[in-house]
Amino acid sequence: MAVVEEKYCPPSRSTVTRRLSELAADKMSKIKSKLEKTDTVSVTVDIWTDRSMRGFLGITSHFMELEKNAPRLQSVLLSCERFTGSHTGQRISEKFEEICDNFNIKHKLDYIISDNAANMKKAFTVCFPSTVTDSEDGDNDLENGNLWEETSEEFQDDVESIQRSCRQQRLQCFAHSLQLVVRDGLKETKCINNAMAKLTKFCSLLHSTCSMKEAFEAQYGANHSIPSAVSTRWNSTLRLVEAVTDLDLQNLNVLLETQGHKGLCMSAREWSQLKELVEILAPFLQATDLTQGEKVVTVSAALPCVLSLNSHLTTMLNTTRHLVGFIKALQTSLHQRFKGIFVNVRMDVPAQLAEDLPFGDNLYLMSAFLDPSFCLFWLEQDVFATDEVKNEVKEMLIDQVLAQARKVPLPDSSSGDDDQDEPPAKTPRLFSGYRKKGAKKTTDHGSSVRTELNRYIQVTSEEDGVDCLDFWKRYSTVFPRLYPVAMRALAVPATSSPVERVFSHGGLIMRPHRARLSASAVCEVDGYFE
């Protein structure tokens with residue numbers, strides 16, 4: 001800065017710390033203001049440990065912001081606080097409840113998305129432990145026992161409606177479950193171990209030996225590189241295999257022999273196995289990327305992705321030569337870890353209630369249906385069942401959506417019926433009662449919702465490549481009862497990736513040369529620049 005501006009005086013450390021705290025507090029105030037305006041929110045939760053072995057509990061909130069019928073998916077960081085002590089489910093639950101009380105969203109919580117760790121499962125099994133106690137002793141805490149009776153009936157109805165509809169239910173992270181499916185498949189398959197060992201060794205040499213790196217660049221060019229794999233991320237391993245198999249086998253073997261690593265040369269069979277591995281797992285990578293987006297609708301893709309992956313594996317069984325066992329292991333794990341989805345679409349026999357099975361919540365069915373990109377297309381393409389069973393699934397899904405849509409008040413200015421576009425016919429006052437009776441019949445709430453639903457199915461079949469939120473922005477007045485139902489369902493994230501991104505930002509902040517940053521400073525920087 002002395003070269004740019006000689007008179008510039010950088011702020012002191014205390015000034016930066018004080019200013020940072022002010023900015024973070026101001027941002028938290030704006031977040032609270034946003035949350036006050038929404039009826040339901042969903043959150044993602046996870047725990048992270050930094051370079052100094054300090055634990056942090058991260059929570060992000062997700063909701064649909066509706067301004068002039070222009071929906072925008074909002075994702076905000078609620079907390080990335082220091083979490084000391086043991087990471088038990090009970091302590092996570094207590095801290096989570098404290099943060100929810102701070103933002104006044106406990107009564108608005110819809111879904112809680114976390115990974116499959118045992119402490120996270122336990123935390124949200126015992127979540128909100130004070131709810132029962134508060135309700136039992138609630139009468140003694142009220143200064144005015146008649147306070148509830150004195151409020152307006154409209155306000156009481158609104159509060160009761162929100163409390164009844166908010167689920168406060170935990171969902172598994174879709175990406176984490178999909179990663180476990182791939183891990184299960186690789187664990188059961190031993191035939192590719194030799195090829196993968198050679199590949200891993202070659203990658204290690206390429207990133208640690210100057211002579212190998214120089215020979216590789218001389219052979220393939222300085223702009224050609226092979227990514228390194230991360231042991232905890234199967235998709236990084238897949239990208240490594242994909243990059244290597246894009247090379248020419250003969251040239252690669254010549255390179256390895258020249259560098260004195262003849263034992264790493266690939267046989268034709270091993271090369272074919274690696275290519276089949278890429279072909280099998282490529283759709284899994286697409287599904288992972290599709291459901292990890294930020295500020296875009298992701299939950300609606302969960303069910304279509306699982307069913308499409310099942311169809312893909314079934315097709316690959318007939319074309320694969322070397323990795324048939326791998327495909328069978330993947331398919332078995334897919335049915336096990338996403339059993340709720342297969343039970344709901346009648347592709348599996350339920351051993352218990354679908355709601356109690358992994359991914360058995362009706363949210364996955366409804367969100368897929370209310371996303372115009374999917375609607376009922378997955379039912380025709382990827383559900384392996386008779387037409388009778390498919391019709392049963394369709395009617396069950398429609399009944400679920402209708403049940404939610406009928407709870408939405410009928411707008412005064414719009415209706416889903418085509419008859420509303422025509423001006424009312426003039427009726428003599430002598431027969432005005434006749435017209436009133438007819439109007440009651442034609443504007444029946446249940447029938448109008450059904451008409452609206454049928455029109456939605458027709459419109460989605462005619463549109464192609466439509467963006468989900470853009471579609472609902474254009475059709476919010478055409479489908480006034482479906483619109484609020486869709487906005488609530490589509491606001492839920494499919495994965496816990498949003499909170500994991502916060503931790504990634506924290507990792508970039510906590511570099512070795514910034515190791516003296518206090519835990520509070522890390523939280524404030526991560527929160528403000530999130």
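Visitor: Which residues does Ser79 touch, not counting residues up to four places away in sequence?

Guide: A contact means heavy atoms within 4.5 Å. By that criterion, Ser79 touches Leu57, Gly58, Ile59 and Ile99. Please note that this is a predicted model, in which local features need pLDDT of at least 70, side-chain atom pairs count only at pLDDT 80 or more, and totals for chains, interfaces and linings use all residues. Residues are numbered from 1 along each chain as its sequence is written, and side-chain values use heavy atoms, with hydrogens and water left out.

Visitor: Where is Ser79 found, and is Ser79 buried or exposed?

Guide: Helices (H or I, at least four residues) and strands (E, at least two) are DSSP runs, numbered from the N terminus. Ser79 belongs to strand 3, residues 70-82. Buried means under 20% relative accessible area, exposed over 50%, and partly exposed in between, with a 1.4 Å probe and protein chains only. Ser79 has a relative accessible area of 4% and is therefore buried.

Visitor: Which side chain does a polar contact join to that of Ser79?

Guide: A polar contact is a pair of N or O atoms within 3.5 Å; within protein, one must be able to donate a hydrogen and the other to accept it, and residues adjacent in sequence count only if both atoms are side-chain atoms. Here the partner is Glu81, at 3.4 Å.

Visitor: How is strand pairing to be read for strand 1?

Guide: Two strands pair if DSSP finds at least two bridges between them. Strand 1 pairs with strand 2 (residues 55-67) in the antiparallel sense over eight bridges, with Ile47 opposite Leu57. Strand 1 also pairs with strand 4 (residues 109-114), in the parallel sense over three bridges; there, Val43 has Ile112 as its bridge partner. Strands 1 and 2 form a hairpin with five residues between them. Strand 1 (residues 41-49) is largely enclosed by the rest of the structure, because eight of its nine residues are buried.

Visitor: At what angle do helix 14 and helix 17 pack?

Guide: Two packed helices are described by the angle between their axes and the distance between the axes. Axes are lines fitted to C-alpha atoms, for helices over the stretch in contact, and angles run from 0 to 180 degrees between N-to-C directions. Helix 14 (residues 302-316) and helix 17 (residues 363-370) pack at about 95°, with their axes 7 Å apart. The two helices are therefore roughly perpendicular, a term that covers 65 to 115 degrees. Ala302, Leu303 and Pro304 of helix 14 make the contact with Tyr364, Leu365 and Ala368 of helix 17.

Visitor: How many residues of helix 23 are buried?

Guide: Seven of the nine residues of helix 23 (residues 482-490) are buried, including Tyr483 and Met487. In the protein chain, 45% of the 530 residues count as buried.

Methods. Parallel < 35°, antiparallel > 145°, perpendicular 65-115°, else oblique.
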